[in-house]
Amino acid sequence: MPVDLHSFAIPEEARVRHLRWKATVDFRSRTIHATATWEIESNTLADTLVLDTKGLTIDHITLNDNQPTGFRFAEPDALLGEALTIMIRPDTKRVNIVYQTSPDAEALQWLQPQQTSGKQHPFLFTQSQAILARSWIPCQDSPGIRFTYDADVQVPEDLLPLMSASNPQRKNSTGVYHFEMQQPIPAYLLALSVGDVSFQAVSERCGVYAEPVALERASWEFQDLENMVIGAESLYGAYPWERYDVIVLPHSFPFGGMENPRLTFATPTILAGDRSLTSLIAHELAHSWSGNLVTNATWDDFWLNEGFTVYFEHRIMEKLYGRDYAEMLAVLSLQDLNETLLTFKAENKEQDTCLKLHLEGRNPDEGVTDIAYIKGYFFLRSIEEKYGRAKFDAFVKDYFSDNAFSAMNTEKFIVYIKKYFQSHYRLVLEDLKLNEWIYDTGLPSNCPNPVSGKLKKVEAFLEKWNSGEKPDVSVGREWSTHEWLHFLKNLPEVVNLEQMEVLDNFGNFTSSGNAEITTLWLVMTIRNQYHQADSKLEQFLINTGRRKFLIPLYRELLKSANGRDRAIEIYAKARPNYHFVARNTFDALLK
Ligand code: BES
Ligand code: ZN
């Protein structure tokens, strides 16, 4: 197995197979008290089991049915935490660890009632990817190491706990809930949420959890969940995790979505009210195959998770809403990618534009960029375009089933695809620029060129707009979110105040309830000193936790006149609402 430099585990000596987790969630002390019992397999010569931990306090550790044993912590590493070495014996089958989490465990976000939509109850949710699972469960926190789990979790009576496992659909009177995940998963897919949420079914195997005030809106927005699963299955094989549910989390959730198995965690910013942002759900659903079933072996191979997932996401959207729709997504993302490539070049970070990354000693978070997602997507699409869909789809389907429940790294992938095309089609993969895509910076010359008729019309409109000619503004009434996004992204950088007002009247951007549109517009208002939007900006920065939206806004503020002071002032108010990963980003940006 390839070496994972972000974990202290030594699986060749002793590795985990199953976790039994018994936990009590205590909102008052902001800690989880738990016993983690690991069923392990070890090499007969091994006398230690090494686990990853970060900030955990160990009460005691025993082996099998309660035999005392010794353990030691290594010196803390700021990024990776503290390796926990536990003495084991040749007959050790189980290791029982009684421990508690730290109140500032990085994977855990404890929300006060005011930070939820309902404002009555506290909320807790986890975010384990990439290397934060170790801050709430002592584990072998490496994507190449899989295990099954079951759990018994005790929570306050008026709250419902949910995990990346079989889930309850309503509260019970005991406050104790049982969970099972019978398919082996890596630690970064361990997840827990505890809050006042209710469930609504969308179909037999799909449903939505949300705070009661958001449940109606959420289940309306996700009406197509079942169709997405059916569409995905028709492309690349049966859905392997039984149920597919989505939970809409409070605003501070720092991502768009997180593919926790059986239960996607989602940002409330996707509730646009018109179902226009649901490709995010297609994305998290696609991870049920790319990522959760076939998993990147190390974070240097992250593009295998995300590139495949964006490709699959676009195919699901095409299946449900047509080629035109999917091509809009592709055109929009290619523009983002090109901008990211320019930024990386300007910042002397061109090395990070290779698909295969080198994150040794760095936070895997630094690999979460358009490169893994969008360059990865276009690489796979370039193969599809060269050999045709029929061949490529058969390949992807077999890639998932041949490698199910195991880890894949970039080098294994290259061997697999070459062998597949050779043995199934008698084709030698050439002229693909495979190595250039994977190991070189920038974009190879065979990058596909998506075309969207709808967005071309927006471009024609923009041309008139920019030349001062009066275009027919009534066309805006027909535009979908993606057309508006394309319009905003392609306006000139500098717009005078009079024109800003005309624009605002045209698109009603300042009052938009769509977070994607709001973000692009607010960037423009900062750049062009359009102060009518100032209070909207402040309110948006305080009430949104999704890093993707916050980053461009703080960056733009930093560039503008007096913007640094303003950014720092708003950040002081907003910071208590942000998740650890967002605080991490903005503490560095605003230091
Ligand atoms: N798995 C990622 C989120 C992630 C990646 C969390 C790395 C921590 C470390 C998830 O599937 C994702 O990609 N989310 C995107 C949405 C998507 C539509 C591109 C996001 O959160 O913006
Ligand atoms: Zn993803």
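**Figure 1. The loop of Ala130, in a predicted model**. Ala130 sits in the loop that runs between strand S10 (123-126) and strand S11 (146-154). Helices (H or I, at least four residues) and strands (E, at least two) are DSSP runs, numbered from the N terminus. The peptide bond from Gln129 to Ala130 is cis, with omega near 0°. Most peptide bonds are trans. This is a predicted model, in which local features need pLDDT of at least 70 and side-chain atom pairs count only at pLDDT 80 or more, while totals for chains, interfaces and linings use all residues. Residues are numbered from 1 along each chain as its sequence is written, chains are lettered from A and ligands numbered from 1 in the order in which they are written, and side-chain values use heavy atoms, with hydrogens and water left out.

**Figure 2. The shell around ligand 1**. Ligand 1 is surrounded by 16 residues (a heavy atom within 4 Å), and Gln129, Gly256, Glu259, Glu284 and Tyr373 are the closest. Strand S18 (257-258), helix H3 (279-286) and helix H4 (302-321) each supply at least two residues of this shell. H3 gives the largest share, three residues. Sorted by class, the shell holds six nonpolar, six polar and four charged residues; Ala, Val, Leu, Ile, Met, Phe, Trp, Tyr, Cys and Pro count as nonpolar, Asp, Glu, Lys and Arg as charged, and the others, Gly among them, as polar.

**Figure 3. Polar contacts of ligand 1**. A polar contact is a pair of N or O atoms within 3.5 Å; within protein, one must be able to donate a hydrogen and the other to accept it, and residues adjacent in sequence count only if both atoms are side-chain atoms. An N or O atom in the side chain of Glu259 is 2.6 Å from a nitrogen atom of ligand 1. For Glu284, a polar side-chain atom lies 2.8 Å from an oxygen atom of the ligand. In the side chain of Glu306, an N or O atom is 3.2 Å from a nitrogen atom of ligand 1. On its own, ligand 1 has 520 Å² of accessible area, and the protein covers 88% of that (Shrake-Rupley method, 1.4 Å probe; for residues, only the protein chains shown count as cover).

**Figure 4. The site of the zinc ion (ligand 2)**. His283 (NE2), His287 (NE2), Glu306 (OE) and Glu306 (OE) are the protein donors, lying 2.0 to 2.7 Å from the zinc ion. Donors are N, O and S atoms within 2.8 Å of the metal (3.2 Å for Na, K and Ca); water is not among the atoms, so sites may look incomplete. Along the chain, the donors follow the spacing H-x3-H-x18-E. The six donor atoms make angles of 53 to 157°, and the site is irregular. Four donors count as tetrahedral if all angles lie between 85 and 135 degrees; four count as square planar and six as octahedral if opposite donors are over 155 degrees apart and all others between 65 and 115; anything else is irregular. His283 is buried at 8% relative accessibility, and His287 is buried at 0% (buried is under 20% relative accessible area, exposed over 50%, partly exposed in between; 1.4 Å probe, protein chains only).

**Figure 5. Arg275 and Arg426, two residues with positive phi**. Arg275, in the loop between strand S19 (263-266) and H3, has a phi near 60° and is partly exposed at 30% relative accessibility. Arg426, in the loop between helix H8 (410-425) and H9, has a phi of about 55° and is exposed at 63%.
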